[in-house]
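Subject: Structure for you, with notes

Hi,

Here is the structure I promised to send over. Have a look at it first, and then read on for my notes.

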Amino acid sequence: MATYEAFDQGVEVNGQTILTIVEKAMGRFSEAYQQRALQALAAEGITDPDPEEWYPQQTWLNAFETIAEELQPHVLDRLGEQLPTVATWPNDFDSVPEGLQSINIAYQQNHRGGDIGYYEFEQTEDRAGELTCYNPYPCPFDRGLIRGVARQYASVDAFVFIEETGDTCRRDGDDTCTYTVYW
């Protein structure tokens, strides 16, 4: 499976998630970026996203791909990094491992129907762990998301570092990427 290809055509994304990324996260970059994201959604048939509705994940992924192609790849990294601070996020904990585990909780809450994928975290050392991303979203988005969550719960003097350490990668058409996170 390649990046931007839903694992299952029945998967849907919560409209609130789409609005949060477009209005809050993209809005932090510029109004022009936000408008381009809305145009990409409209080209896929989502003209006025409703926070109470669910939309086909493939439609969202198509718009997401357009955003990435037209607004430069680093935008995805920054979008991912901002997500835990702009989205409704589980936050009844205060450690990096719990924060990294919460990525899957948030993902499961905002996707439904069929094989949606997952994020799986395993702590491997006192201040390190591996996070496997099994989903159709691009690698830069996940790296930013992981970094944003780790930074949010790491001590202020911690240096958060992420490296791709798995044997497979979605950039190469695989279904998973595995990252080692240090904090």
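This is a predicted model: local features need pLDDT of at least 70, side-chain atom pairs count only at pLDDT 80 or more; totals for chains, interfaces and linings use all residues.

**The four-stranded sheet**

Let's begin with the open sheet of four strands, which are ordered E4-E5-E7-E6 and paired antiparallel. At its edges are E4 and E6 (161–164), each of which pairs on one side only. From one strand to the next, the twist averages 25°.

If you want to trace the sheet by eye, start with the hairpin: E4 and E5 make one, with two residues between them. These two strands run antiparallel and are joined by seven bridges. Two pairs to look for are Tyr-119 with its bridge partner Cys-133 in E5, and Phe-121, which stands opposite Leu-131 in E5.

Moving across, E5 is joined to E7 (residues 176–182) by seven bridges, again antiparallel. Here Leu-131 has Tyr-179 of E7 opposite it. As for how covered E5 (residues 128–134) is, six of its seven residues are buried.

H5 lies across E4, E5 and E7, and runs at about 170° to E4. H6 lies across E4, E5, E6 and E7, at about 30° to E7.

The two helices also meet each other. The axes of H5 (residues 96–110) and H6 (residues 139–153) come within 8 Å and cross at roughly 145°, and the crossing is right-handed. On the H5 side the contact is made by Val-96, Gly-99, Leu-100 and Ile-103, and on the H6 side by Leu-145, Ile-146, Val-149, Ala-150 and Tyr-153. Sorted by class, that is eight nonpolar residues, one polar and no charged ones.

The largest nonpolar core has 55 residues, and Trp-60, Leu-100, Ile-103 and Ile-146 have the most contacts inside it.

Apart from its neighbours within four places in sequence, Leu-100 is in contact with Phe-121, Leu-131, Ile-146, Val-149, Ala-150, Val-181 and Trp-183.

**H4 against H6**

H6 has another partner. H4 and H6 pack at an angle of about 35°, with their axes 6 Å apart, and H4 passes H6 in a right-handed crossing. The residues in this contact divide into eight nonpolar, five polar and six charged.

Asp-77 sits in H4 (residues 74–86). Is Asp-77 buried or exposed? Its relative accessibility is 13%, and the cut-off for buried is under 20%, so Asp-77 counts as buried. Not counting residues up to four places away in sequence, Asp-77 touches Pro-140, Phe-141, Arg-143, Gly-144 and Arg-147.

**Gln-123**

Leaving out neighbours within four places in sequence, Gln-123 is in contact with Pro-97, Ala-128, Gly-129 and Trp-183. Also worth a look is Thr-180: 57 residues separate Gln-123 and Thr-180 along the chain, while their C-alpha atoms are 9.5 Å apart.

**The three-stranded sheet**

Finally, there is an open sheet of three strands, in the order E2-E1-E3 and with antiparallel pairing. Its edge strands are E2 (54–56) and E3 (111–112), each pairing on one side only. E1 (residues 12–14) pairs with E2 in the antiparallel sense over three bridges, and Val-13 stands opposite Tyr-55 in E2. H1 (residues 15–29) packs on this sheet, touching E1 and E2, and its direction makes about 60° with that of E1.

That's everything from my side.

Cheers

Methods: Residues are numbered from 1 along each chain as its sequence is written. Side-chain values use heavy atoms; hydrogens and water are left out. Two strands pair if DSSP finds at least two bridges between them. Contact means heavy atoms within 4.5 Å. Axes are lines fitted to C-alpha atoms, for helices over the stretch in contact, and angles run from 0 to 180 degrees between N-to-C directions. A nonpolar core is a set of buried Ala, Val, Leu, Ile, Met, Phe, Trp, Tyr and Cys residues joined through side-chain atoms within 4.5 Å. Buried means under 20% relative accessible area, exposed over 50%, partly exposed in between (1.4 Å probe, protein chains only). A crossing is left-handed if the near helix is turned anticlockwise from the far one by less than a right angle, and right-handed if clockwise. Ala, Val, Leu, Ile, Met, Phe, Trp, Tyr, Cys and Pro count as nonpolar, Asp, Glu, Lys and Arg as charged, and the others, Gly among them, as polar.
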